[in-house]
Amino acid sequence: ASVLKLYFRDLPEPVFLYEKYSEFLSVLGNQQFDEYTYNSITVAPYIIKVQSLIRSLPVYNYYLAKSLFNLLHRISLNSEENLMTPNNLAIVFGPNLLKPKQENLMMSLKDTPTITKTTELMIQYYNEIFDENFMPPIRNKKRERNAKVVKTTKKPLPPPPQRKVTP
């Protein structure tokens with residue numbers, strides 16, 4: 001767990017990208033969930049928002065997040081034995097996956113509970129957020145930049161030439 005956490009902490013850019021930091025934080029906003037209201041009905045709108053953000057990630061980030069949250073979800077299913085609940089896993093991994101470009105102590109203290117709850121939501125509702133049928137588009141920015149739009153007009157093909165048959 002420590003090596004995996006270190007890997008995510010030392011990435012040049014977090015899995016959920018610096019530019020998406022405020023978007024991920026705004027998913028839950030100031031909403032507080034307790035153990036009695038944290039169910040699939042009350043979190044459904046939040047799941048849709050998180051799913052949309054995750055689907056907007058670059059393809060490698062998407063698959064890395066999907067693999068990590070699959071692992072964390074499976075670990076949390078055995079929380080009675082290993083004591084790693086979705087909340088405990090979110091406390092350990094959340095700050096390394098979702099962080100601002102310019103970190104300061106006050107911002108960290110203020111945002112950590114929201115980061116933890118957002119990460120916990122992704123762990124607990126992994127199957128709903130990471131739909132097995134979704135395939136992110138592979139984007140090639142260089143190819144898109146250099147692509148030229150070619151207009152074509154569809155004209156019917158001319159009829160084949162007629163051959164004269166001689167007896």
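**Group meeting: salt bridges and helix packing**

Let's start with a pair of side chains: D111 and K110 meet in a salt bridge, at 3.2 Å from N to O. A salt bridge here is a side-chain nitrogen of Lys or Arg within 4 Å of a carboxyl oxygen of Asp or Glu. D111 is buried, at 7% relative accessible area. K110 counts as exposed, at 61%. The cut-offs: buried is under 20% relative accessible area, exposed is over 50%, and partly exposed is in between (1.4 Å probe, protein chains only).

A word on the model. It is predicted, so local features need pLDDT of at least 70 and side-chain atom pairs count only at pLDDT 80 or more, while totals for chains, interfaces and linings use all residues. Residues are numbered from 1 along each chain as its sequence is written, and side-chain values use heavy atoms, with hydrogens and water left out.

How many salt bridges does the structure hold? Three.

Another joins E120 and K117, at 3.1 Å, N to O. These two sit three residues apart in helix α7, so about one helical turn separates them. Helices are DSSP runs (H or I, at least four residues), numbered from the N terminus. E120 is buried, with 8% relative accessible area.

Then there is R55 with D131, at 3.8 Å, N to O. R55 lies in helix α3 (residues 40–55) and D131 in the loop between α8 (126–129) and α9 (141–146), so the pair ties together parts that are 76 residues apart in sequence. R55 is partly exposed, at 27%. D131 is partly exposed too, at 28%.

Now, helix packing. Two packed helices are described by the angle between their axes and the distance between the axes. Axes are lines fitted to C-alpha atoms, for helices over the stretch in contact, and angles run from 0 to 180 degrees between N-to-C directions.

Take helix α4 (residues 59–76) and helix α7 (residues 105–124). They pack at about 80°, with axes 8 Å apart. That makes α4 roughly perpendicular to α7. The classes are: under 35 degrees, roughly parallel; over 145, roughly antiparallel; 65 to 115, roughly perpendicular; the rest, oblique.

Which residues meet? From α4, F69, L72, H73 and S76; from α7, T119, M122, I123 and Q124. Contact means heavy atoms within 4.5 Å. By class, that is four nonpolar, four polar and no charged residues. Nonpolar covers Ala, Val, Leu, Ile, Met, Phe, Trp, Tyr, Cys and Pro; charged covers Asp, Glu, Lys and Arg; the others, Gly among them, are polar.

Next, α4 with helix α6 (residues 86–97). Here the angle is about 160° and the axes are 10 Å apart. So α4 is roughly antiparallel to α6. On the α4 side, the contact uses L68, F69, L72, I75 and S76; on the α6 side, P86, L89, F93 and L97. Eight of these residues are nonpolar, one is polar and none is charged.

Back to α7 for one more residue. T118 lies in that helix. Is T118 buried or exposed? Buried, with a relative accessible area of 0%. Leaving aside neighbours within four places in sequence, T118 is in contact with F24 and L28.

Last, two leucines in loops. L17 has a positive phi of about 55°, although L17 is not a glycine. L17 lies between α1 (2–9) and α2 (21–28), and is buried at 11%. L83 also has a positive phi, about 65°, and is not a glycine. L83 sits in the loop between α5 (79–82) and α6. L83 is exposed, at 60%.
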